[in-house]
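Visitor: I am new to this structure. Could you show it to me, please?

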Amino acid sequence: PPFSCDSSNAATRTLLFCRTSLPIRRRVEDLVSRLTLEEKISQLVNSAAAIPRLGIPAYEWWSEALHGVSNYGLGVSFSGKITGATSFPQVILSAATFDSRLWYRIGKAAGTEARAVFNEGQGKGMTFWAPNINIFRDPRWGRGQETPGEDPLVASKYAVAFVTGFQGGTPKSRSGDRLDAATNDHLLASACCKHFTAYDLERWNGVTRLDFDAKVTKQDLADTFQPPFKSCVVEGKASGIMCAYNRVNGIPNCADHNLLTSTARHLWGFHGYITSDCNAVSIIHDIQNYAKLPEDAVADVLKAGMDVECGSYLQSYTKSAVDQNKLPVSEIDRALHNLFSVRMRLGLFDGDPRSQVYGKLGADHVCTQAHQDLALETARNGIVLLKNSGNLLPLSESHVSSLAVIGPNANSAYVLLGDYEGPPCKSVEILKALRKYVEKTSFLPGCDFVNCTSANVEAAVGTAREAEHVVMVMGLNQDQEREDHDRVDLKLPGQQETLITAVASASKNPVILVLLSGGPVDVSFARDDPKIGSILWAGYPGEAGGIALAEIIFGEHNPGGKLPVTWYPNDFIIKTPMTDMRMRSDPSSGYPGRTYRFYNGPKVFEFGHGLSYTTYSYRFNPAKTPNAIHLNRHSADNYSDYLSVSDIGTDTCAMSNFSAHVGVENTGEVAGKHPVLLFARSEEEGSNHPVKKLVGFRSVVLRPKERIEVEFVLNP
């Protein structure tokens, strides 16, 4: 692997920045002081050049590991001893587990494999641009699949758990709800929380992410868009942030000093590097017309607090920006301090990384059985049972004589991966996994492609009539939703609905409908059709998703996932422009609001919906859960509906935590893993108040008739 400060190199052995006994800050100061202006500028882009005279190799900042190490970006190659990596479920399905301990384990596994790839010489850098913790605000968003969903608390907890694991931190508690972030100077790998901020539109109605100016209220920024990033920095101690393409209230994110410096660095205490999204600096001049000249754009982003660009604009225009007195060299030095600090925290200036703390990680730590089992566990626990009329599922392997599998997503292993995927350790199609249970299994795609512009309804009906049970594997793929491509509606593509309805009508028994998708789909027709007995949503379930689905269908695993997003009817998008960033509803104009917190209209399925093969009951423990919270006020002002923090006192707020104790019992006959979600709601009504909001969640495993008490620690 590439590294600096080779102890066998006499030319660099005596350099101050190579002395590991010194603080990183002192070492970085020495390194930056030795660079010429041209050398400094060469380090401000993602493909940073080598500095041979100082023994510093080239470095690639852009690598990806959204749900496993990927060869998106320029930093990772799978042409070598390592040819693939564990492909975990796409993030939206992992979020459906509501299990922060599981998210930590995924991060730890991905970080371990990232370091192993680097140690084997198949990586040019150790900075990975994940996780994506934007709020899934609009159901059409093509990249919603990459996120933990629509709830700020879930996104925040996911960010902390994944980043802590990926960077080499450890859990403080067995449940994983308290975590110790990685130490400042020993990163397993570097995580980067993106896209900062209020980014959730690709291309809609002539507006693109490159020119979109998101008009966001301070209240929505504070309670929806910013919390995941604050948690990522304050609790997760992320070493990277990516600023987004879009503008917020007129200012490009990458040129916003208040966002990058005043908020992230000063208010939240961020210590790390800030990168642009790819070519996000050039658009400030070329598309957004925010900067008059290219040199102005360069000066704007560096003065705002950005450190490195994914692209080449800084390489081209930084020197002229300095020459024109638009940019002081001190701003370049500030950026370089952040960049080299992260590389040193990764151990890349301490000699050969293979002789350091993570040096023994190699090819035999990638695609391990433990990591593949974790991918399967995540898929099993994320898949959501949306409908199960008459307890159609699970099927009994010994009682199913024949099975028909119909659908364009049934015989593709690639569709299971989602976007930002890497080559998986293994590939098992849903069809292949189902055939393990029923030898007499027939298959028909039913559609020409997933977009289903043409459906072979007659043949599908004939196939269905011949089988005892029918599993239809439908939904979306990356042609319908992806980066730079939003959906135009919430329906199943093409003739899928027609095909499903015809097959269901002709089948001997109610059919089982499996949906692959990142975003929500309006399948109210299937929800309400008695001939469709069960619906399973599987997101994009990763390399082991086919196996997990088959296990659930045939009862080897009890599903427990819950939806991390609201499933809206298609009518929602007719009245709701994707560009309207308001979270709260506006009854006067008919604007319905967004997400389960503020939208109170009709739903196909609610946030948090998910069935099981067993049943659960809940009961608050009144002896341990208070009915009222009393805050001591510092002043004697008359009581009003709102108390200022200065009246209450910040110490009082911090000391006002209380516990809600909830008894959870498995009242059925099957063991299960079950996410317990705790919501709060205001007694006051109005569009400004959330309908309800998630304030805690915990995943529990219960045997039949077993009861457990779950404690949620809350702050008023």
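Visitor: Which strands does helix α17 (residues 496-506) lie across?
Guide: This is a predicted model, where local features need pLDDT of at least 70, side-chain atom pairs count only at pLDDT 80 or more, and totals for chains, interfaces and linings use all residues. Residues are numbered from 1 along each chain as its sequence is written, and side-chain values use heavy atoms, with hydrogens and water left out. Helix α17 lies across β17, β19, β20 (511-516) and β21, where contact means heavy atoms within 4.5 Å. Helices (H or I, at least four residues) and strands (E, at least two) are DSSP runs, numbered from the N terminus.

Visitor: And in what order do the strands of the open sheet come?
Guide: The order is β16-β21-β20-β19-β17-β18, with mixed pairing; two strands pair if DSSP finds at least two bridges between them. β16 (384-388) and β18 (441-444) are at the edges with a single partner strand each, so one side of each has no neighbour in the sheet.

Visitor: In which sense do β16 and β21 pair?
Guide: They pair in the antiparallel sense, over 4 bridges. Leu 385 stands opposite Leu 536 in β21.

Visitor: A change of topic: at what angle do the axes of α7 and α8 cross?
Guide: The axes of helix α7 (residues 218-225) and helix α8 (residues 227-234) cross at roughly 50 degrees and come within 6 Å. Axes are lines fitted to C-alpha atoms, for helices over the stretch in contact, and angles run from 0 to 180 degrees between N-to-C directions.
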